[in-house]
Amino acid sequence: MELKMLLEPIYESDFLNCSYGFRPGRRTMDAVSQLWTYIQRATKFYWIIEGDIRGCFDTISHHKLMGLLKHRVGDRDILDLVWMFLKAGVMEEDAVRDSEMGTPQGGIFSPLLANVYLHEMDRFWWEQYGCLSPHQTERRRRNGEGNVRLLRYADDFVLLWNGTKQGAQALKERFATFLQDELHLELSAEKTLVTHADEGFDFLGFHARRCNDYGKPVLIIRPSPKSVERFKERVRGLTDRAMLTWDAESLVTHLNLYLKGWGYYYRYCSISKLAASLDRFVWGRVLYWLCRKHRRGPRDIWRQYVRCVGGRKVIAVPRAEGGRLPVAFVHDIRVQRYLRFRRIPHPYLVVGSQPGQP
């Protein structure tokens, strides 16, 4: 923890705005919301390279990482502590296994080290494409060359390209070569895809696709199919026969916490239609669990637990202290427009000390 407190303010001054993962004052939606900015008619970033680094956290080179740290940190004691942290090993079946590469999984300091390592990829993008002036980017477009935008959340990243498909393929190979030669990391050939925005792609648990649902081409962002399947698996787990030892109030309490958490995470994207189908799924699972719990038929369970509240039917279980606890509706969570900072402020500088800040 102390190492993180020492090094994070230093590297927050170096990290680029294209990086969002495990940084103070930044979250998933800051990265996802940029897709609405770039994938539109004015900018035409329609080709997407979905970056997938094979075993990133497990294959980080210790010597390369220490070399990068030495460029910015001069205190030998701090560098020695980082080295001991990397070489501490991992527990496997009551035995310690030496770690020759990678950062310890689950450590509070590991995400910062991964960001320091992958910052080199951010710098490569910035020096080649990101630092171009508006005049230079416009000239590239007139000459038939594309421009690139990078969005990275830890080891998950996408490259947005507004040139041709062949140019996107070449860009993918260029980044793969850089990662292999400079950082000793490998892009997964099976999972690193070149996709058009009209076909759709997944990023950070969201699925983005450009379509004509509203009469004109717009980018629609929804929960990804994998996220929906994980939602259903979680609900199935909570309403499994192994949970029949719970009382109905405990089940609904735990279920509501998960439903509200999932819904609030995705409340900034298009979930209205999906939420209605998920609510039907939850109803079916809860009624199934109650039937198994009481060993009674669906009609009896319906009469006992379904109530009409505010003009609609809800499943409501009795509370121990009196009254009833209804099962939450994902559909009740209001979809909002995500309002983000035009420029995310530096978390370790006084507000107003940066140019362009109030």
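## Ser-19 and its contacts

Beyond its neighbours within four places in sequence, Ser-19 is in contact (heavy atoms within 4.5 Å) with Arg-26, Asn-115, Asp-122 and Arg-152. Ser-19 sits in the loop between helix 1 (2-12) and helix 2 (28-38). Helices (H or I, at least four residues) and strands (E, at least two) are DSSP runs, numbered from the N terminus. Ser-19 has a relative accessible area of 0%, so it is buried. Buried means under 20% relative accessible area, exposed over 50%, and partly exposed in between (1.4 Å probe, protein chains only).

## Model and overall fold

This is a predicted model: local features need pLDDT of at least 70, side-chain atom pairs count only at pLDDT 80 or more, and totals for chains, interfaces and linings use all residues. Numbering runs from 1 along each chain as its sequence is written, and side-chain values use heavy atoms, without hydrogens and water.

The protein chain has 11 helices and 12 strands. Of its 358 residues, 46% are buried. Its C-alpha atoms fill a box of roughly 70 × 60 × 45 Å along the principal axes. Among contacts with a separation of 6 or more, 66% join residues 24 or more positions apart.

Tyr-266 lies in the loop between helix 9 (248-265) and helix 10 (272-294). Its relative accessibility is 5%, so Tyr-266 counts as buried. Tyr-266 and Phe-206 are 60 residues apart in sequence, yet 8.5 Å apart in space, C-alpha to C-alpha.

Ring pairs also link Phe-206, Phe-231, Tyr-258, Trp-262, Tyr-265 and Tyr-266 into a cluster. Rings of Phe, Tyr and Trp (its six-membered ring) pair if their centres lie within 6.5 Å; planes under 30 degrees apart count as stacked, over 60 as edge-to-face and the rest as tilted. The structure holds 16 aromatic pairs.

## Charges over rings

A charge sits over a ring if NZ of Lys or CZ of Arg is within 6 Å of the ring centre and within 35 degrees of the ring normal. Arg-234 places its charged end over the ring of Tyr-258, 5.7 Å from the centre. Arg-210 lies over the face of Tyr-46, 4.3 Å from the ring centre.
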